[in-house]
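Grab your viewer and work through a few exercises on the model below. Each one has a task, followed by a solution in steps.

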Amino acid sequence: MADTGTRTAPIFLVGCQRSGTTMVRLVLDSHSRISCGPETRFLPDLRRIVGRDWERLARFGFPREDWLRRIRDFFGGVHADYAAARGKTRWADKTPMYAMSLDFVTEVFPDAQIVHLIRDGRDVVVSHRKRFGYWSAVKCVVKWPRYIRAARAVGATLPADRYYELRYEQAVSEPEKAMRGLFEFLGEPWEDGILDYDSKQHDVAQKYTTEAERRRAAVGDTAPIYGSRVGSYRRELDPFLRLLVWVFSGPTLRALGYR
């Protein structure tokens with residue numbers, strides 16, 4: 001691990017949607033050195049250059065490593081310029097869907113640190129239903145374990161200082177302990193007030209702010225990080241979704257220690 005405060009490796013925050021990645025993104029973005037801006041989502045599209053389009057593009061005569069460098073310079077340059085404009089020296093990317101293409105992410109950025117946020121799949125299904133509708137919840141019982149397996153498979157190939165799993169449940173029940181562990185992994189110093197992310201400026205869509213405010217008001221909790229949604233599946237999963245979760249998500253839930 002590099003000396004505290006000297007790391008410059010990019011950070012990628014991934015996880016199945018509705019797992020709390022926005023919350024962790026805002027905590028990261030509250031650090032004086034780290035900039036974690038809007039989701040990018042387009043990095044997997046660039047994979048075509050060295051993937052299905054490679055036979056054609058190889059005729060330019062540039063080796064594959066050169067194309068990867070160009071992708072790295074372009075994608076990393078966007079983040080670096082954005083971070084510099086905000087007075088930050090290190091960038092992070094929070095795009096949940098990159099959990100499905102971490103092999104490419106780590107090929108483009110061989111020094112990247114991966115933070116994989118994991119939440120109880122049953123609560124993720126509930127959150128999908130509330131946010132995106134019932135059919136989304138039905139599909140989530142398959143999507144959630146697929147995201148978990150894909151990210152963990154790549155994580156298993158990386159050294160301990162490059163892949164980190166953070167549980168949502170600990171992040172909201174013991175936020176300082178959980179986030180101190182995260183920043184220690186990142187090699188960044190802890191900063192007082194970092195958990196009060198809502199007192200800082202972030203480039204985040206208004207819908208996220210509105211949703212968080214609505215949920216805090218519903219439970220009478222004004223803290224930026226709240227744990228009221230942990231275990232929501234016990235109250236809000238109907239019998240059909242419970243059956244689907246048991247069939248399709250059960251093995252992954254048990255492997256992760258969720259009971």
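Glu236 is buried, with a relative accessible area of 19%; buried means under 20%, exposed over 50%, and partly exposed anything in between, using a 1.4 Å probe and protein chains only. Before going on, note that this is a predicted model, where local features need pLDDT of at least 70, side-chain atom pairs count only at pLDDT 80 or more, and totals for chains, interfaces and linings use all residues. Residues are numbered from 1 along each chain as its sequence is written, and side-chain values use heavy atoms, with hydrogens and water left out.

**Exercise 1.** Find the salt-bridge partners of Glu236 and work out which network they belong to.

*Solution.* 
- Start with the rule: a salt bridge needs a side-chain nitrogen of Lys or Arg within 4 Å of a carboxyl oxygen of Asp or Glu.
- Arg235 itself is exposed, at 56% relative accessible area.
- Now follow the shared partners: Arg129, Lys130, Arg229, Arg235 and Glu236 end up joined in one network.
- For scale, the rule gives a count of 19 salt bridges.

**Exercise 2.** Look at the pair Asp66 and Arg70: where do they lie, and how far apart are their closest N and O atoms?

*Solution.* 
- (Helices are DSSP runs of H or I with at least four residues, strands are runs of E with at least two, and both are numbered from the N terminus.)
- Recall the geometry: an α-helix has 3.6 residues a turn, so residues three or four places apart point the same way.
- Check the distance: the closest N and O atoms of Asp66 and Arg70 are 2.8 Å apart, and the two form a salt bridge.
- Check the cover: Asp66 counts as buried at 16% relative accessibility, while Arg70 is partly exposed at 38%.

**Exercise 3.** Which residues of the largest nonpolar core touch the most other members, and which element gives the largest share?

*Solution.* 
- Set the rule: a nonpolar core is a set of buried Ala, Val, Leu, Ile, Met, Phe, Trp, Tyr and Cys residues joined through side-chain atoms within 4.5 Å.
- The largest core has 46 residues, and Phe12, Leu43, Ile114, Val125 and Trp144 touch the most other members.
- Elements giving two or more residues include strand E1 (11–14), helix H4 (64–85) and helix H6 (121–132).
- Helix H7 provides the largest share, nine residues.
- Zoom in on Leu43: beyond its neighbours within four places in sequence, Leu43 is in contact (heavy atoms within 4.5 Å) with Phe12, Ile71, Phe75, Tyr98, Phe104 and Val105.
- Apart from this core lies another one, of 26 residues, with Met23, Leu166, Ala178 and Tyr197 among them.

**Exercise 4.** How many residues of helix H1 are buried?

*Solution.* 
- Helix H1 covers residues 21–29, and nine of its nine residues are buried.
- The buried residues of H1 include Thr21, Arg25 and Asp29.

## Cysteines

**Exercise 5.** How many disulfides does the structure hold, and which cysteine sulfur is nearest to that of Cys140?

*Solution.* 
- The cut-off is a pair of cysteine sulfur atoms within 2.5 Å, and the structure holds zero disulfides.
- Cys36 is in no disulfide, with the nearest cysteine sulfur, on Cys16, 18 Å away. Cys36 is buried, at 0% relative accessible area.
- Cys140 is in no disulfide either; the nearest cysteine sulfur is again that of Cys16, 4.8 Å away. Cys140 is buried at 1%.

## A patch on the surface

**Exercise 6.** Which helix gives the most to the nonpolar patch?

*Solution.* 
- List the members: Val142, Leu243, Trp246, Val247 and Phe248 form the surface patch, with about 510 Å² of accessible area together.
- Patch residues have over 30% relative accessible area and no salt bridge; like charges are joined within 9 Å, and nonpolar side chains (Val, Leu, Ile, Met, Phe, Trp, Tyr) within 5 Å. The areas come from the Shrake-Rupley method with a 1.4 Å probe, and for residues only the protein chains shown count as cover.
- Helix H12 (residues 239–255) gives the most, four residues.
- Trp246 lies in H12 and counts as exposed, at 59% relative accessibility.
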